Amino acid sequence: MISQKERMLLQDQKSHEEMCVQKYTKYANEAQDQQLKQLFNDHASHEKQHFNTLNEILNGQTPTISGQGQGQQTGGQNQAMQTNPVGQTVNQNDVALTKDMLVTEKYISGAYDTVIFECQDHNIRQALNHIQKEEQQHGEDLFNYLSSRGAYPIQ
């Protein structure tokens with residue numbers, strides 16, 4: 001049984017995940033770069049899984065942590081995003097969409113900290129930790145996309 005405070009925090013996260021699904025889906029349709037479209041679609045799929053996991057928890061079920069997401073998402077995408085081909089122009093709208101999603105992922109990952117610390121049930125904490133790691137991986141994927149195109153210079 002989850003407390004009222006846990007329920008409130010989990011419902012907030014559920015609404016955040018729903019917003020992520022909407023944004024990633026919308027941005028996938030707007031992006032010009034096919035690689036970015038795929039990245040946004042992949043992340044939208046993971047966010048749907050997160051949304052479903054939060055629904056399970058709110059419905060009193062113990063969530064199952066699947067092996068999807070974190071390990072699969074890093075493999076090919078990071079390799080493909082290592083360098084910007086010479087002469088390739090960077091679509092500024094794609095950059096803006098990616099930066100917006102990076103800010104969104106930073107916020108959501110941080111919000112999971114609070115929820116995790118407030119949860120009493122170990123299994124729920126584990127499931128939320130898993131989701132948070134995937135959110136952090138999304139952030140890394142977005143960062144790598146921007147960085148590989150010179151759109152996120154590190155000073």
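Predicted model: local features only at pLDDT ≥ 70, side-chain atom pairs only at ≥ 80, totals over all residues.

Q: How much of the protein is buried?
A: Buried residues are 44% of the 155 residues. The accessible surface is about 8300 Å², and carbon and sulfur atoms account for 48% of that.

Q: And the contacts, what share join residues at least 24 apart?
A: It's 80%, counting contacts between residues at least 6 apart in sequence.

Q: Let's pick a helix. What span should helix 4 have, and what does the model give?
A: Helix 4 covers residues 92–118, which is 27 residues, so at 1.5 Å a residue it should span 39 Å. The C-alpha atoms at its ends are 40 Å apart, which agrees.

Q: What caps the N-terminal end of helix 4?
A: Asn91 does, with a side-chain oxygen 2.8 Å from the backbone nitrogen of Asn93.

Q: Switching to charges: how many salt bridges are there?
A: The count comes to four. One of them is Lys5 with Glu118, where the closest N and O atoms are 3.4 Å apart. That pair links distant parts of the chain, with Lys5 in helix 1 (residues 4–30) and Glu118 in helix 4, 113 residues apart.

Q: What does Lys23 pair with?
A: Lys23 meets Asp100 in a salt bridge, 2.9 Å from N to O. Here again distant parts of the chain are linked: Lys23 is in helix 1 and Asp100 in helix 4, 77 residues apart. Lys23 has 16% relative accessibility, so it counts as buried, while Asp100, at 27%, counts as partly exposed.

Q: What else does Asp100 contact, say from Tyr27?
A: The side chain of Tyr27 makes a polar contact with the side chain of Asp100, at 2.6 Å. Tyr27 is in helix 1, and at 12% relative accessibility it counts as buried.

Q: Which other residues does Tyr27 touch?
A: Leaving out residues up to four places away in sequence, Tyr27 touches Phe40, Leu97 and Met101 as well as Asp100.

Q: What about Arg149, where's its partner?
A: Arg149 forms a salt bridge with Asp33, with 3.3 Å between the closest N and O atoms. Arg149 is in the segment after helix 5, and Asp33 is in the loop between helix 1 and helix 2 (34–58), 116 residues apart. Both Arg149 and Asp33 are buried.

Q: Which buried residue has no salt bridge?
A: Glu135 is buried yet has no salt bridge. The nearest side chain of opposite charge is Lys23, 11 Å away. Glu135 is found in helix 5 (residues 122–148).

Q: So what does Glu135 touch?
A: Not counting residues up to four places away in sequence, its contacts are Glu17, Glu47, His50, Glu105, Ile108, Ser109 and Tyr112.

Terms used
Residues numbered from 1 in each chain as written. Heavy atoms only, no water. Buried < 20%, exposed > 50% of the residue type's maximum accessible area, 1.4 Å probe, protein only. Contact = heavy atoms within 4.5 Å. Areas by Shrake-Rupley, 256 points an atom, 1.4 Å probe, with all protein chains shown as cover. Helix = DSSP H or I, 4+ residues; strand = E, 2+ residues; numbered from the N terminus. Expected span 1.5 Å × (residues − 1). Polar contact = N/O pair within 3.5 Å; in protein donor to acceptor, adjacent residues only side chain to side chain. Lys, Arg positive; Asp, Glu negative; His and termini not counted.
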